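Subject: Handing over the two-chain model

Hello,

Here is the structure I promised to pass on to you. Please open it alongside this message, and then read on for what turned up in it.

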Amino acid sequence: MDFTLTSDQAALTGAIDRMATQFESIPTEFDGFVLEGRELEQELENGQYFDIAAIPEMGPIAAALAVERLARLPCAVEVALSMLVRPQLDIELPRPFALVEAGRPGRFVASARTLLIVADDSIGIAHPSPDDVEAVESLYAYPMGKVTGALSIRALPAEDAARVRTWLRVACAAEIAGLLQAAIDVTVEHLSVRKQFGRPLGSFQALRHRMAECAVLAGGVRRLALKAAWTGDAGDAALAALHAQESATRVIYDVHQMFGAMGMTLEMSLHLWTYRMKALLSELGGRGAQAAAVAQYCFDNKPARID
Amino acid sequence: MDFDWDEEQRSFRAEVRTFLDANLPDNWEELAHGPGSAAQTTFSKQFCGALAEAGLLVPHWPSEWGGRDADPWTSFILAEEMWAAGEPRGGQYMNVNWIGPTLMRFGTQEQQARYIPPMARGETLWCQGFSEPEAGSDLASLRTRADRHGDGYRINGQKIWTSYAGAADTCFLLARTAQGKGGISIFLLPMDTPGITVRQIPSIIGEGDIHEVFFDDVEVPEGARLGEEGQAWDIVRLSLSLERVGIPRFALASRMLHRAVDVLKKAGRFDAGAIQQSAKAHAACEATRLYSYNIIDQRCQGQPPGPEASAARFATVNAERLVAEFVVEHVPEALAGGDALLLAHHQRAIVAGIASGAAEIQLNLIATELLQLPREPR
């Protein structure tokens, strides 16, 4: 048990952090739902960062750390599936990736070159042509799209589908971990600056305690996501995704309360993280499906002892 | 990063489990009801003696005090296994976790020679004389006084909610030697000193757990004081940071959660509602486990205790609450003559957010130190 990054992992996360720092700012004229990050995506492509999980010295844990860090940025880039799920497939598939569940609109579907089509227990792969997909206006702060054409879908063997589903859960948890942290950071800043009744909002115990509870939840999500990325275990992934969706449900509400009316305006950045989290709440079947997976993988014939 | 145990850690855990299998009697789970009961106190003395003989009571202590010089992981693995088993060490876990180490750091040679060897042999039980009727969360407002008297002190006052006081040999007592937070001192006080009266308060935690302790003109020599006059706050802050993650409550909570799920499965009652709640509780337990491991990792690297310890503590409170709520809703028979250890767990779970400092105090610390939010005006 050791929570220190190796020197290689530390160097990589340092590089990603430096890159991310250049994309922290939000253009002053921006007041929309989605801030796309094409320039960041290009830099990640150029630096071959989408392939870090496959490098033995880095592994999926480094990819999960990268996903978490990049999710904290105001711009939305398809990072999580490319970095964490794509390396789990035996064949080289073009990115961006997107998930399509039950024919519903999904994140990045309109720009994806590889679609993961989820239906019940099966997962299939499709490569849409531009005519097969279209962009959808939405409240979610991701570019959303839906499938409109008849796709040629290649079903994954059951074992591969199970593995992909596990890594989809890890990706979901790692992304939510970053979104939670960003939402908390921006709220803490607001509470430290905004004064009412003559003092900063953050000095009122009713708000301090709620924020502290949010921080504890976010820290738990981050730790569970990293552990799941390290073990690749289906049970760990289900626990991480469940805790992520549970915690996000709570934190989204709390941070919007903290921002009051200011958080309802698109001039404020809060929605960039909270409405992205809302898109993730329903993914992979939502909390009900994650709980069923926990029951399947963690409560079936497993002793409650640590090994 | 490495989330796996190394060979030495696995082998140590196996050693502890083998010991538990061999030394816990068949009726242990019934005994576990009432952590301060006469039956468990008697058993715990015998059990801790056997643990000491096997070198498993204080492995993380220095060898000069009967330990193995083992790292913080060793003591935490030991604590996990003990707590998961229902804590057969009873109140002696406090000696092992923080009272012994505090005396090693701040005690005089005489105090160390008198008190540490019996702890290392598993022969002695301590209680913690902190809270008072008017000083709970606001501990610094405590009123019990230790006035200079001859060559020593005369102590007058009252403590309350004191665990194990009825069976304890010694009290780790906080008393006021001057005004203000800097006027509190620590006394190591044998419980058979004339002038001490202990009264048990019936409690939902179980038999023999909570007490009132009265001090009427209790005379103690100067040598009973630990550290300097007024040093209590600094010493206790450090000691309680050891205590805060010293009880791996998630280990028993997780075991009881699995047991409750087994009960429901066998009865064909593991329905969608139970699945949802149990999975949520399990995720909270595992998040807490990782928080705690993070703290131990930091301790191994010599980092001072930070606000993450408060976050770990609050994560524990969440996990305990979710497991207790799951059990009471889905396995209600546990509180009415059902499984003895499920009952004992439920009795203790309520303590998670209260003992060793209310959870709300931890939330304040997290807000100020971790989030850096502005402080409340005083």
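This is a predicted model: local features need pLDDT of at least 70, side-chain atom pairs count only at pLDDT 80 or more; totals for chains, interfaces and linings use all residues.

Are α7(A) and α9(B) roughly parallel or roughly perpendicular to each other?

**Chain A**

Chain A has nine helices and nine strands. Its radius of gyration is 19 Å, close to the 19 Å that the globule rule gives for 307 residues, so chain A is as compact as a globular protein of that length. Along the principal axes, its C-alpha atoms fill a box of roughly 65 × 50 × 40 Å. Of the 307 residues in chain A, 50% are buried. If you count the contacts in chain A with a separation of 6 or more, 67% are between residues 24 or more positions apart.

A few spots in chain A deserve a visit. Start with the peptide bond from Arg95(A) to Pro96(A), which is cis, with omega near 0°. You will find Pro96(A) in the loop between α4 (80-85) and β1 (97-101) of chain A.

Next, go to the loop between β3 (114-119) and β4 (122-126) of chain A, where Asp120(A) lies. Asp120(A) is not a glycine, yet its phi is positive, at about 50°.

Gln48(A) sits in the loop between α2 (38-46) and α3 (59-71) of chain A. With 10 C-beta neighbours inside 10 Å, Gln48(A) counts as exposed too.

**Chain B**

Chain B has 12 helices and eight strands. For its 378 residues, a compact globule would have a radius of gyration near 21 Å, and the 21 Å of chain B agrees with that. The box filled by its C-alpha atoms is roughly 70 × 50 × 45 Å, again along the principal axes. Buried residues come to 49% of the 378 in chain B. Among its contacts with a separation of 6 or more, 73% join residues 24 or more positions apart.

Inside chain B, have a look at α8 (residues 249-266) and α10 (residues 308-330), which pack at an angle of about 20° with their axes 10 Å apart. Angles under 35 degrees count as roughly parallel, and α8(B) and α10(B) are therefore roughly parallel to each other. Their crossing is left-handed. From α8(B), the residues making this contact include Phe250(B), Met256(B) and Leu257(B), while α10(B) contributes, among others, Ala319(B), Val323(B) and Phe326(B). By class, the contact has 10 nonpolar, two polar and two charged residues.

Tyr164(B) is another residue other than glycine with a positive phi, here near 65°. It is found in the loop between β3 (152-160) and β4 (170-176) of chain B. Tyr164(B) counts as buried, with 24 C-beta neighbours inside 10 Å.

**Where the chains meet**

How many residues does the contact take from chain A and from chain B? It takes 42 from chain A and 38 from chain B. On the side of chain A that touches chain B, at least two residues each come from α5 (158-193), β9 (199-200), α6 (205-231), α7 (234-259) and α9 (286-298). The largest share, 16 residues, comes from α6(A). That side of chain A divides into 24 nonpolar, 11 polar and seven charged residues.

Now back to the opening question. α7(A) and α9(B) (residues 272-300) pack at an angle of about 100°, with their axes 9 Å apart. Angles of 65 to 115 degrees count as roughly perpendicular, and these two helices are therefore roughly perpendicular to each other. In this contact, Leu239(A), Leu242(A), His243(A) and Glu246(A) of α7(A) meet residues of α9(B) including Ala279(B), His282(B) and Glu286(B). The residues of the contact divide into five nonpolar, two polar and three charged.

Enjoy exploring, and write back with any questions.

Best wishes

Conventions:
Residues are numbered from 1 along each chain as its sequence is written. Chains are lettered from A and ligands numbered from 1 in the order in which they are written. Helices (H or I, at least four residues) and strands (E, at least two) are DSSP runs, numbered from the N terminus. The radius of gyration is taken over C-alpha atoms; the globule rule is 2.2 Å times the number of residues to the power 0.38. A residue is buried if 20 or more other C-beta atoms lie within 10 Å of its own, exposed if 12 or fewer, and partly exposed in between; C-beta atoms are placed from the backbone. Two residues are in contact if their C-beta atoms, placed from the backbone, lie within 7 Å. Axes are lines fitted to C-alpha atoms, for helices over the stretch in contact, and angles run from 0 to 180 degrees between N-to-C directions. Angles under 35 degrees count as roughly parallel, over 145 as roughly antiparallel, 65 to 115 as roughly perpendicular and the rest as oblique. A crossing is left-handed if the near helix is turned anticlockwise from the far one by less than a right angle, and right-handed if clockwise. Ala, Val, Leu, Ile, Met, Phe, Trp, Tyr, Cys and Pro count as nonpolar, Asp, Glu, Lys and Arg as charged, and the others, Gly among them, as polar.
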